[in-house]
Amino acid sequence: MLSLKWDECECETTSKKVLKNRQKDKVLWITLGLLACFFVAEWTVGLWSKSLSLQADAGHILSDITALLISLFASFLARQTAKSQATFGHQRIEVVAALLNGLGLLAIATFIILEAIQRWQNPATILGLPMLGIAVLGLIVNLFNITLLHPHTHDDLNLRGALLHVIADTASSVGVIIAALVVHLWDWWWADVAISLIVATLTGLSALPLVQQSLKIFLEYAPESIDPVEVEISLKYFPGVVEVEKLHIWTISLDKVMLCANLTVECTTIQERDRLLNKLENHIRKTFHIAEITLQLTSYNKPSIMPIHPLFKQDLVFMLSQRLFEK
């Protein structure tokens with residue numbers, strides 16, 4: 001009966017996970033289609049109006065499209081079952097995609113800065129009204145994409161990277177709108193260059209946390225929310241735990257943390273050791289929210305005084321008697 005209930009719960013959890021993954025894919029495809037259409041429009045108007053900020057934003061949109069394609073491919077591979085040498089499956093492919101997204105943002109930011117410096121040295125006449133119209137359209141598209149992506153980014157580093165791209169695009173659209181108004185009303189061409197530099201700075205800053213978090217996962221750091229020292233102290237607090245050794249905590253993906261440790265314990269029976277093991281695992285799951293746990297328990301052997309062999313005692317007595325006799 002208990003086994004049947006467990007199977008039903010497991011099936012329900014699996015179906016919810018499949019439904020959630022399908023929703024994520026649907027959101028990504030919708031976002032990808034909207035960005036692809038807008039890229040064509042923005043790039044065309046950017047060339048026509050000679051607006052550097054529009055062209056830079058179009059380049060950013062192109063990086064977003066590439067990032068979303070990587071995200072879709074990574075999501076597909078991450079859901080494949082573990083085979084052969086891939087004992088953890090392909091979950092870290094999502095982290096690879098997130099890292100590529102972050103590096104792509106940094107590359108785009110560098111490109112925008114270089115283009116802005118060149119435009120400052122060689123100014124060009126800019127058409128303000130077409131620039132304003134496409135920037136407003138871009139703002140609407142980006143706000144809609146943020147609304148689609150945000151609910152799915154809490155436990156997915158890959159989608160979080162895609163969201164950061166779109167947020168950077170939104171900031172860029174606002175900047176382009178301001179620049180377009182200034183250029184149209186006062187013919188201040190330098191506003192286009194200034195906004196481009198601001199957009200590049202925001203783009204680079206938004207990429208740094210993503211790159212940093214991805215690298216920490218690759219370097220197998222413990223999550224920031226978990227202090228290994230605190231974990232070790234809490235394990236030693238349990239009665240029967242003598243020592244904690246080789247404690248390792250690392251992250252496989254954003255929502256999968258692993259822990260392993262060797263514990264020296266004082267347990268007189270196997271049943272007592274099993275009960276202690278269950279208590280330790282439940283404590284780790286509830287307190288630190290770590291699902292993948294491997295604990296090795298080793299019995300503690302108290303040092304004992306070695307008895308003196310009877311023959312050794314006899315020899316010692318014989319030697320002492322001989323010395324007394326000689327004296």
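Author: Begin with the surface. This is a predicted model. The chain exposes about 19600 Å². Carbon and sulfur atoms supply 65% of that area.

Reader: How much of the chain is buried?

Author: Buried means under 20% relative accessible area. Here, buried residues make up 40% of the 327 residues.

Reader: Which elements does the chain have, and in what order do they run?

Author: Count nine helices and three strands. From the N terminus on, the run is α-α-α-α-α-α-α-β-β-α-β-α.

Reader: How do I read the sheet? What is the order of its strands?

Author: The order is β1-β2-β3, in an open sheet with mixed pairing. Look at the edges next. β1 (241-253) and β3 (292-299) each have a single partner strand, so one side of each has no neighbour in the sheet. Neighbouring strands are turned by 10 degrees against each other on average, direction ignored.

Reader: In which sense do β1 and β2 pair?

Author: β1 and β2 (residues 256-265) pair in the antiparallel sense, over nine bridges. Take one residue as an example. H248 has C260 in β2 as its bridge partner.

Reader: Which helix packs on the sheet?

Author: Helix α8 (residues 270-288) does, and it touches β1, β2 and β3. The direction of α8 makes about 145 degrees with that of β3.

Reader: Now a single residue. Is S173 buried or exposed?

Author: Compare its value with the cut-off. Under 20% relative accessible area counts as buried. S173 has 2%, so S173 is buried. This residue lies in helix α5. Leaving out residues up to four places away in sequence, S173 touches D57, A135, G138, L139 and N142.

Reader: What share of contacts in the whole chain joins residues at least 24 apart?

Author: Take the contacts between residues at least 6 apart in sequence. Of these, 72% join residues at least 24 apart.

Reader: Where is W190, and how does its accessibility count?

Author: W190 is in helix α6 (residues 190-218). W190 has 38% relative accessibility, so W190 counts as partly exposed.

Key
Residues numbered from 1 in each chain as written. Predicted model: local features only at pLDDT ≥ 70, side-chain atom pairs only at ≥ 80, totals over all residues. Heavy atoms only, no water. Helix = DSSP H or I, 4+ residues; strand = E, 2+ residues; numbered from the N terminus. Buried < 20%, exposed > 50% of the residue type's maximum accessible area, 1.4 Å probe, protein only. Pairing = 2+ DSSP bridges. Axes fitted to C-alpha atoms, helices over the stretch in contact; angles between N-to-C directions. Contact = heavy atoms within 4.5 Å. Areas by Shrake-Rupley, 256 points an atom, 1.4 Å probe, with all protein chains shown as cover.
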